[in-house]
Amino acid sequence: TAYSSAGCSGTANVKVTVTEPPVADAGADRKTVQGNPVTLNGEVQNAGGYFWTPTDYLSDATTLNPAATPPADITYTLHVLPKAGCVVEATDNVFIRVYKKVSIPNTFTPNGDGTNDTWNIEALDTYPESFTQVFNRYGKLVFESRGYGRAWDGKMNGQALPSGTYYYKIDLKNGTVFSGWVFRLR
């Protein structure tokens, strides 16, 4: 309704359409081990379309739940396009922490020949918070290390241990714990 300075009024109706903006939710941050796929959990509202970037290591960047198999840490962005052209797109990020695959050998030969003289656990040094313990057959702790800055050389207090089977527990401090045995051979 509008009024003139003389006090006259006029009324007209106008239809206003409110376009809801798009909403993007890329889901919670994820963790995986190198080589193991992880599923992204995207959700959208008021979407005219959606896609993920970067597209690297994704099974399909145009679905909400693609499988991702990145070789290293990565952040993916979910882009949600509006239904109408006058609204900007919405985005949200998800971070994937990729842990290196730990490979634990079951034998080593600390005989001083320069080959296989330590229990070299591949990629364990990439877990600085990890905690490694080795026990003899009686349950006595013979080696421990936080972060595995130095590989076990088959000794305890500087003295060579006898050949035999030893038992380990490796806690990566990310929810993964390995346990098993290693054979120390002279």
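Q: In this predicted model, which residues does V142 touch, not counting residues up to four places away in sequence?
A: Let's start at one residue and look around it. A touch here means heavy atoms within 4.5 Å, and residues up to four places away in sequence are not counted. With that in mind, V142 touches V134, F135, N136, W152, K155, M156, L161 and Y166.

Q: Which members of the largest nonpolar core touch the most other members?
A: In soluble globular proteins, nonpolar side chains tend to be buried together. The largest nonpolar core in this model has 19 residues. The members that touch the most other members are W119, V134, V142 and W152.

Q: Which strand supplies the largest share of this core?
A: Strand 13 (141-146) and strand 16 (164-171) each supply at least two residues of the core. The largest share is 3 residues, and these come from strand 16.

Q: How many residues are in the second, separate core?
A: You can find this core by looking for some of its members, which include A24, L58, L78 and V98.

Q: Is N136 buried or exposed?
A: N136 sits in the loop between strand 12 and strand 13, and it touches V142, Y166 and Y167, leaving aside residues up to four places away in sequence. Its relative accessibility is 17%. Buried means under 20%, so N136 counts as buried.

Q: Which residues does Q133 touch, not counting residues up to four places away in sequence?
A: Q133 is found in strand 12, residues 131-135. Its relative accessible area is 16%, so Q133 is buried. Beyond four places away in sequence, the residues that Q133 touches are L141, F143, E144, Y167, Y168 and K169.

Q: Now to the surface: about how much accessible area do V14, V16 and V18 have together?
A: These three residues form a nonpolar patch on the surface. One of them, V16, lies in the loop between strand 2 (9-10) and strand 3 (23-25). V16 counts as exposed because its relative accessibility is 68%, and exposed means over 50%. Together, the accessible area of V14, V16 and V18 is about 360 Å².

Q: How far apart in space are A47 and D73, C-alpha to C-alpha?
A: A47 lies in the loop between strand 6 (43-45) and strand 7 (49-53), and at 26% relative accessibility A47 counts as partly exposed. Not counting residues up to four places away in sequence, A47 touches V80, L81 and K83. A47 and D73 are 26 residues apart in sequence. In space, their C-alpha to C-alpha distance is 28 Å.

Q: Which residue forms a salt bridge with D73?
A: D73 is in the loop between strand 8 (67-68) and strand 9 (74-81), and its partner is in strand 10 (residues 90-99), 24 residues apart, so to speak a link between distant parts of the chain. At 40% relative accessibility, D73 counts as partly exposed. The closest N and O atoms of the pair are 3.4 Å apart, and the partner is R97.

Q: What is the radius of gyration of the protein chain?
A: The secondary structure comes to 0 helices and 17 strands. For 186 residues the globule rule gives 16 Å, and the chain's value is well over that, so the chain is more spread out than a compact globule. Its C-alpha atoms fill a box of roughly 110 × 30 × 25 Å along the principal axes. The radius of gyration is 30 Å.

Q: What percentage of the residues in the protein chain are buried?
A: The protein chain exposes about 11,200 Å², and carbon and sulfur atoms supply 49% of that area. Out of 186 residues, the buried share is 33%.

Terms used:
Residues are numbered from 1 along each chain as its sequence is written. This is a predicted model: local features need pLDDT of at least 70, side-chain atom pairs count only at pLDDT 80 or more; totals for chains, interfaces and linings use all residues. Side-chain values use heavy atoms; hydrogens and water are left out. A nonpolar core is a set of buried Ala, Val, Leu, Ile, Met, Phe, Trp, Tyr and Cys residues joined through side-chain atoms within 4.5 Å. Buried means under 20% relative accessible area, exposed over 50%, partly exposed in between (1.4 Å probe, protein chains only). Helices (H or I, at least four residues) and strands (E, at least two) are DSSP runs, numbered from the N terminus. Patches are made of residues with over 30% relative accessible area and no salt bridge: like charges are joined within 9 Å, nonpolar side chains (Val, Leu, Ile, Met, Phe, Trp, Tyr) within 5 Å. Accessible areas come from the Shrake-Rupley method with a 1.4 Å probe; for residues, only the protein chains shown count as cover. A salt bridge is a side-chain nitrogen of Lys or Arg within 4 Å of a carboxyl oxygen of Asp or Glu. The radius of gyration is taken over C-alpha atoms; the globule rule is 2.2 Å times the number of residues to the power 0.38.
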